[in-house]
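Hi,

Here is the structure I promised to pass on.

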Amino acid sequence: MTSELDRYEVVIGLEVHTHLKTESKLFSPAPVRYGEEPNHSVHPIDLALPGVLPVLNERVVELAIRLGLAIHAKVNPYSVFARKNYFYPDLPKGYQISQFEEPVVSGGWIDITLDETRRIGITRAHLEEDAGKSIHDVAVAGRDDSCIDFNRAGVPLLEIVSEPDLRSAQEAVAYLRELRGILRYIGASDADMEKGQFRCDANVSIRRRGSSELGTRTEVKNLNSFSNVEAAIEAESLRQAELIADGGEVVQATMGFDPIRRRTSVQRLKENSDDYRYFPDPDLIPLRIDPAHIEEIRLQLPELPADKRLRFESEFGLSAYDAGVLTASRRLADFFEETAKACGVPKAAANWITRDLLRELNELEVELSEVAMTPDMLASMIGLIEEGRLTARNAAQIFPDLVRDGGDPATLIAERGLEAVSDAGAIDAFVDDVIAAHPDVVQQVRDGDDKPLNFLMGQVMKASQGKAAPDQVRRTLAEKIRG
Amino acid sequence: MGSAETLLAGDLSTQREGLDLGEVSASELVAASLDRMTARASLGAVISRDDEAAIAKAEAATQRIASGKPLSQLDGIPIVLKDNIVQAGQPATCASRILENFVSPYDAGVTERLEAAGAIIVGRANMDEYAMGSSTENSIYGPSHNPWDEARTCGGSSGGSVAAVSAGIVPLAFGSDTGGSIRQPASFCGVVGFKPTYGRVSRWGLVAYASSLDQIGPIARSVSDCALALDVVSGHDERDSTSIPGAAPNWSADLANAAAASADGDLQGVVIGLPSEYFVEDGVDPGVLACVREAIGTLEAAGATFEEISLPHTTYTIATYYLIATAEASSNLARFDGVRYGRRADHVKDLEDLYRRSRSEGFSTEVKRRILLGTYVLSAGYYDAYYVKAQRVRTLIRRDFEAAFENCDAILTPTTPEVAFPLGAKSDDPLAMYLSDVYTVSANLAGLPALSMPCGSSQGLPVGVQLLGPPLGEAAIFRIGTAYQRRSDHHLLSPPDAVGESKP
């Protein structure tokens, strides 16, 4: 960004809190619902009424195992729930049940690719419960008090902590995208950042290029979009560089990020590290996972985004870019793969999906699951093009309807009279008319200039209302002009 | 004096028989219990009652019993619950100011089982605040008094429950035992108190003091009544992760079988260990030791053999207990913050003021002392030296017992070193108060079942003898205890004013 920062290397470690996709909470039977009326999804356990006890939701263990396997980590057969003690009004028990010394997952990695592929270490992933939400806004709270909504209290979280292996804001975003993709692929989380299901804290420090020591880090909290992550890391690293340039020193602190002013500011100094008085929760027995169970889950694990990307490149001859776009979600990847297999022309399938289909979804502001088009429909449309029965131009015309309403492409073009004309006599007639109408242009081509040929092509296509098979038109034109 | 009053003075089994034979109805029995509660109000045993609800439930029980369809052995029997065992629609104050207006919206696991069995909960019993204490003096409702001498403590922390049984208000009560809180008062008041194996009885709905030590148990006038009560309340509860899986045994049936098998020498082959560390003369009332020795003689006559054993880490039990119990308590009591329920200080300035004043005003000195101690124990820099070390010693204490139980079926000790002390005698000396539990805390640290039963008197006050079993070894304790009570009448003695003739 500036020369000040050029002398430094940025070192980033990320802590991601992701909501696990479960029906009920981590330690209570209350349902997990988003957008519910405040305090309508709470159980006595979530309110920490006197005498209640936590009971582990087994489903979260499955999801944590999946994540552990997906990031090439060790799934620990023995892990312990601990109490993290601190007072806050949205923390009902006065402690959060988390995992401290013995997490369920430790030591993994994922690869990210910007200019080159780099392996980013993951220190650990542990289970913990979310807190409630304090609402200080008078308009929401309805009066001059603070209110607390406990719907979120006890929602299961997996905290995934990376090593300080990331070296730029862009790498940080690439890591988050990859991690989010994995979480979605394995069905562990919807990881919707807008719903607070995927939250990120960034530990940022800088050091002179070439140094191997870590600088003093700050923690930028609660980054809730990829663009904020990127902007916050850039702002914070610049702040640190400028501070050092002015002869100052970075002090350990928790930072907030103002996305409008694109600035970080100190929220709380960490002079003495907080004493959370962690100790094993005596209400819960240690979590034991049978290694055989881990292997069972390994067998059921779906293909992961990175593997799928590589396979799409090698199996279907796609570019790295297209493979990346097509594997962004499991549903899109499946849609592509089914289309490619049904039509036998993977590149055409990739093109139609990455360009036309995604644009169409974007315009309609809908998800792939919400439209009527199926892979079979797209495949048969591509088949018609390949057979020469539909021109690309007319395909583009029916495509939006096909996406929205579905249908049989063959029937559709028959109904609309869009079937390609490949009859030699008919094409000869179109070509003859165009040659007769543009003698000057024809002469240019005869003189050896190929460029105007495209103009003549266009005229023929126009005359045929887009129905003439383009290859045939081009061939006929060339023959008739040059003999 | 009507027959309901007479029946009320008897033990649970006698009352059952009276109800089933139709001598007295459940309604009459419960009414007698409520009357007796009023007559003995000076004991401070019961801190809240819902007569209307009790009478309505008793009427339903009367109908069931009359039509020959009692729900269980407890159908129609009046009982009290310690105020830390929650009951839907009833206060659960734990004798604390901070919960003085709290009404529980849900039932404890034990409450559910008792109500499903037809037991009539006639009141909620006094206790030391949050079960922290050994004299039931640490209560916002004032102390409970010992029915044998009202100037003396009834022990604690389940003092109200125990006093209610001792004074003939109910034949059965439930308390909680974290370091002796059922057994020590049972010993002081001449009744039977039982702490089950950790995990036997669901802790769902028991307001936690020290989660890894707390266990709910019955207080009654005989060992067999305790077995019967445990039959009803024990068993797996999926809402408590520390609850023992599977179905619990039927101890009453086991006792019946044992009785049928041998009438006389019914303890033939039973080996009982006497830990030398528990039979020191120093600091122990000689009258207590004499009673315990007499009990040993009685059990020998019943066929048991005694062996001296050693529990070498006994000397560390009190220190270990107070490190672990306070550490857990400091965290367990964090939820009482004045935010969601309970008492909140008035006119708070800000959040910190709300916490500080709600908790300062809401907790007693003893509770604050334990919260501070526990907070210290868990603090960075002290955690390893105190909490971790205490857990290691706890393991050593548990191993002491494992080794001992390889050579014996049960262990016998005094329940307490002395008889009930005068009220106020130890109020200013927390350490002396803590030492009152010196013989009882090890069972909690090791998770063992333990029973205290009356075995005589010293200075005119009841003395208790304690039986400890291996984990899940309730049956042996009940058999030994029942064999003893078949040969002794200490448990049949009542305080001077047990029936009807209320004191002026």
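**What I found**

Chain A splits into domain 1 (3–293), domain 2 (303–416) and domain 3 (424–482); these bounds come from an automatic or database domain assignment. Before you go on: this is a predicted model, where local features need pLDDT of at least 70, side-chain atom pairs count only at pLDDT 80 or more, and totals for chains, interfaces and linings use all residues. Residues are numbered from 1 along each chain as its sequence is written, while chains are lettered from A and ligands numbered from 1 in the order in which they are written.

The centres of domain 2 and domain 3 of chain A, taken over C-alpha atoms, are 31 Å apart. Where these two domains meet, 4 residues of domain 2 of chain A are in contact with 5 residues of domain 3 of chain A (in contact means that the C-beta atoms, placed from the backbone, lie within 7 Å).

Next, the two chains. Their contact takes 23 residues from chain A and 35 residues from chain B. On the chain A side, helix H2 (44–47) and strand E4 (81–85) each supply at least two residues. Helices (H or I, at least four residues) and strands (E, at least two) are DSSP runs, numbered from the N terminus.

Chain A also has an open sheet of 9 strands with mixed pairing, in the order E2-E6-E7-E10-E1-E11-E12-E13-E14; two strands pair if DSSP finds at least two bridges between them. At the edges are strand E2 (74–75) and strand E14 (263–269) of chain A, each pairing on one side only. Inside the sheet, E6 (residues 105–113) and E7 (residues 117–129) of chain A run antiparallel and are joined by 8 bridges. There, Gly108(A) sits opposite Ile122(A) in E7(A).

Now chain B, which has 17 helices and 13 strands. Its radius of gyration (taken over C-alpha atoms) is 21 Å, close to the 23 Å that the globule rule gives for 504 residues, so chain B is as compact as a globular protein of that length. That rule is 2.2 Å times the number of residues to the power 0.38.

Buried residues make up 60% of the 504 residues in chain B. A residue is buried if 20 or more other C-beta atoms, placed from the backbone, lie within 10 Å of its own. Take helix H6 (residues 159–166) of chain B: 8 of its 8 residues are buried, including Val162(B) and Val165(B). Just after H6(B), Gly168(B) has a positive phi of about 75°.

Cheers

Notes. Buried ≥ 20, exposed ≤ 12 C-beta atoms within 10 Å, placed from the backbone.
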